[in-house]
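Subject: Structure for you to look at, with notes

Dear colleague,

Please open it first and keep it beside the text.

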Amino acid sequence: MYVCARLLEQIHGYPESARFYFALYNSKGMNDAQERALGGLANLLLTAPETPIRFGAGELSMYRDIATMDQGQVI
């Protein structure tokens, strides 16, 4: 999955690459799968910030909205 994600990233297939990184994050195949997946997703966001990246039922902008609303208060 990591290899596919990297190859898609190199040919500017960012949404498909994000899906592979997401699948890698949820896999149990490698010891550092989650670290590689998060690093890859972060790199995608920094490489192509103007590209809408969707995976699952939503998109990454949802997380930006949550971070904006969350003031760090624990209830």
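The notes below go from the overall fold to the helix packing, and then to individual residues.

This is a predicted model, in which local features need pLDDT of at least 70 and side-chain atom pairs count only at pLDDT 80 or more, while totals for chains, interfaces and linings use all residues. Residues are numbered from 1 along each chain as its sequence is written, and side-chain values use heavy atoms, with hydrogens and water left out.

Overall picture

The chain has 4 helices and 2 strands, where helices (H or I, at least four residues) and strands (E, at least two) are DSSP runs numbered from the N terminus. Along the sequence these elements come in the order α-α-α-β-β-α. Of the 75 residues in the chain, 25% are buried; here buried means under 20% relative accessible area, exposed means over 50%, and partly exposed lies in between, with a 1.4 Å probe and protein chains only. Among the contacts in the chain with a separation of 6 or more, 39% join residues 24 or more positions apart, a contact being heavy atoms within 4.5 Å.

As for confidence, the mean pLDDT of the chain is 77, and 71% of its residues reach 70 or more; pLDDT is the predictor's confidence in each residue, from 0 to 100. Confidence is highest in α1, at a mean of 91, and lowest in strand β2 (residues 58–59), at a mean of 54.

Helix packing

Two packed helices are described by the angle between their axes and the distance between the axes. The axes are lines fitted to C-alpha atoms, for helices over the stretch in contact, and the angles run from 0 to 180 degrees between N-to-C directions. Helix α1 packs against helix α2 (residues 14–25) at an angle of about 160°, with the axes 8 Å apart, and the two are therefore roughly antiparallel to each other. In this scheme angles under 35 degrees count as roughly parallel, over 145 as roughly antiparallel, 65 to 115 as roughly perpendicular and the rest as oblique. The crossing of α1 and α2 is left-handed, which is the term used if the near helix is turned anticlockwise from the far one by less than a right angle, with right-handed used if clockwise. The contact is made by Y2, C4, A5, R6, L8 and E9 of α1 and by Y14, E16, S17, F20, Y21 and L24 of α2.

The axes of α2 and α3 likewise come within 8 Å and cross at roughly 160°, and these helices are therefore also roughly antiparallel to each other. Here too, α2 passes α3 in a left-handed crossing. On the α2 side the contact includes Y14, S17, A18 and Y21, and on the α3 side it includes A37, L41, L44 and T47.

In the loop between α1 and α2 lies H12, which has a positive phi of about 65° although it is not a glycine. H12 is exposed, with a relative accessible area of 56%.

Side chains of opposite charge can pair when their charged atoms come close. A search of the whole structure finds 2 salt bridges, each defined as a side-chain nitrogen of Lys or Arg within 4 Å of a carboxyl oxygen of Asp or Glu.

One of them joins the side chains of E9 and R6, at 3.3 Å from N to O. These two residues are 3 residues apart in helix α1 (residues 2–10), and so are separated by about one helical turn. E9 is buried, at 8% relative accessibility, whereas R6 is partly exposed, at 30%.

The other salt bridge joins D32 and R36, at 3.1 Å from N to O. D32 counts as partly exposed at 28% relative accessibility, and R36 is partly exposed at 33%.

What does E9 touch, not counting residues up to four places away in sequence? Its contacts are Y14, S17, Y21, N43, L44 and T47. Of these, N43 is placed in helix α3 (residues 33–47) and is partly exposed, at 32% relative accessibility. N43 and E9 are 34 residues apart along the chain, and their C-alpha atoms are separated by 9.6 Å. With the same exclusion of residues up to four places away in sequence, N43 touches R6 and E9.

With best regards
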